[in-house]
Amino acid sequence: MVRPFRFGVNMLTPSTGDAWRKKCRKAEELGYDVILVADHLGMPAPFPSVIAAAEATERPRVGTFVLNAGFWNPALLAREVATTDALTGGRFELGLGTGYVQAEHDKAGLPWGTPGERVDHLRHTVEELDRLFASAEHQPQPVQRPRPPVVIGGNGDRMLKLTAQHADIAAFSGARAVPGDTAGKMTHLTADELEERVAAYRRFAADRAEPAELNFLGQLVAVTDDPRAAVGPLLEHVPHLTEDEALALPHLLVGSVRDIADQVRAQRERFGFSYLTILEPYFEAFGPVIEELRGE
């Protein structure tokens, strides 16, 4: 079954209340289905931000994309999730990940741990949320039952197994963290490498009763008649790739509105991505593409 497209914008920039509400209303006007907030030091606090986004809009769902589980105690997180779901009228989606920037943990005075320990903590967090929300004695309770939809993002095998077991929405990105880099530097995945990761997820999820929705993060949008010029500044960051190889990276959406719409359709056909998240700097540029794809 081919799922219809959904489009989310991941808000990253701190704003005053009026400016925040204005850009959330702009996202709704452009046709975005979900307004999301990241979870990094130096960026907006996710829960008050998504509540404000819901109050400023009528149609879009709101969510976190994605919470760094290492920042959160599960019991306190359950309180935040339930309250946010109630205050947004059941429009909340909970995105979770392990975190990938050690420097943020160091700055916050929080343990970093090994990759396995971070995945274990995320697993414990998801399972504890499920346990708490299943108990009638736990208060507050979310509006959505048994809990808001859970998005889990990650590309490694341990994360993909966890995603297959617990996530309603499986989120993929076109990059992976560089091992040993404390600042969160990422390296790009080619289309073939991404396809292998999606195939691994599908193997782990083969026994699911209901298939998850698949999400993908578009990290650059350039509506242009000259794609090569648009991708030029990126080449210094991917010296191992030719210009043609860089243009073929799945998370770079470059070309005319029709070209980008065709690229999004092709990615749904090849990878199964029906839910596409766009980073805030590009959300207005992507608006005409949403219009081109609306209803598909």
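Helix α5 (residues 115–134) has 20 residues, which at 1.5 Å a residue should span 28 Å, and this agrees with the 29 Å between its end C-alpha atoms. The expected span is 1.5 Å times one less than the number of residues. Helices here are DSSP runs (H or I, at least four residues), strands are DSSP runs too (E, at least two), and both are numbered from the N terminus.

This is a predicted model, in which local features need pLDDT of at least 70 and side-chain atom pairs count only at pLDDT 80 or more, while totals for chains, interfaces and linings use all residues. Residues are numbered from 1 along each chain as its sequence is written, and side-chain values use heavy atoms, with hydrogens and water left out.

The buried residues of α5 are Gly 116, Arg 118, Val 119, Leu 122, Thr 125, Val 126, Glu 128, Leu 129, Leu 132 and Phe 133. Buried means under 20% relative accessible area, exposed means over 50%, and partly exposed lies in between (1.4 Å probe, protein chains only). These buried residues of α5 pack against α3 (74–87), β5 (92–97), β6 (150–153) and α6. Contact means heavy atoms within 4.5 Å.

In α6, Met 159, Leu 160, Leu 162, Thr 163, Ala 164 and His 166 are buried. The buried residues of α6 pack against α5, β6, β7 and α7.

The 14 residues of α7 should span 20 Å at 1.5 Å a residue, and the end C-alpha atoms of α7 are 20 Å apart, which agrees. Its buried residues are Ala 191, Leu 194, Arg 197, Val 198, Ala 200 and Tyr 201. The partners of these buried residues of α7 are α6, β7 (169–173), β10 (213–218), α10 (257–271) and β13 (273–279).

**Helix pairs**

Axes are lines fitted to C-alpha atoms, for helices over the stretch in contact, and angles run from 0 to 180 degrees between N-to-C directions.

| Helix pair | Axis distance | Crossing angle |
|---|---|---|
| α6 (residues 157–166) and α7 (residues 191–204) | within 8 Å | roughly 45° |
| α10 and α11 (residues 283–293) | 9 Å | about 65° |
| α2 (residues 46–56) and α3 | within 10 Å | roughly 10° |

The axes of α6 and α7 cross at roughly 45°. That makes α6 oblique to α7. Angles under 35 degrees count as roughly parallel, over 145 as roughly antiparallel, 65 to 115 as roughly perpendicular, and the rest as oblique. The crossing of α6 and α7 is right-handed. A crossing is right-handed if the near helix is turned clockwise from the far one by less than a right angle, and left-handed if anticlockwise. On the α6 side, Asp 157, Leu 160, Lys 161, Thr 163 and Ala 164 meet Arg 197, Ala 200, Tyr 201 and Phe 204 of α7. The residues of this contact of α6 with α7 comprise five nonpolar, one polar and three charged. Here Ala, Val, Leu, Ile, Met, Phe, Trp, Tyr, Cys and Pro count as nonpolar, Asp, Glu, Lys and Arg as charged, and the others, Gly among them, as polar.

The crossing of α10 with α11 is right-handed. Val 257, Arg 258, Ile 260, Ala 261, Val 264 and Arg 265 of α10 meet Phe 286, Pro 288, Val 289, Glu 292 and Leu 293 of α11. The contact of α10 with α11 has eight nonpolar residues, no polar ones and three charged ones.

For α2 and α3, the crossing angle is roughly 10°. That makes α2 roughly parallel to α3. Phe 47, Val 50 and Ile 51 of α2 make the contact with Leu 77, Glu 80, Val 81, Thr 84 and Leu 87 of α3. Six nonpolar residues, one polar and one charged make up the contact of α2 with α3.

**Pro 227 and Leu 247**

Pro 227 is found in helix α8 (residues 227–231) and is partly exposed, with a relative accessible area of 25%. Not counting residues up to four places away in sequence, Pro 227 touches Leu 247, Val 254 and Gly 255. Val 254 lies 27 residues from Pro 227 along the chain, yet their C-alpha atoms are separated by 5.8 Å.

Leu 247 belongs to helix α9 (residues 243–247) and, at 24% relative accessibility, counts as partly exposed. With the exclusion of residues up to four places away in sequence, Leu 247 touches Pro 227, Arg 228 and Val 231.

**Cis peptide bonds**

Phe 65 and Val 66 are joined by a cis peptide bond with omega about -20°. Val 66 is in the loop between β3 (61–64) and β4 (67–68). The peptide bond from Gln 139 to Pro 140 is also cis, with omega near -5°, and Pro 140 lies in the loop between α5 and β6.
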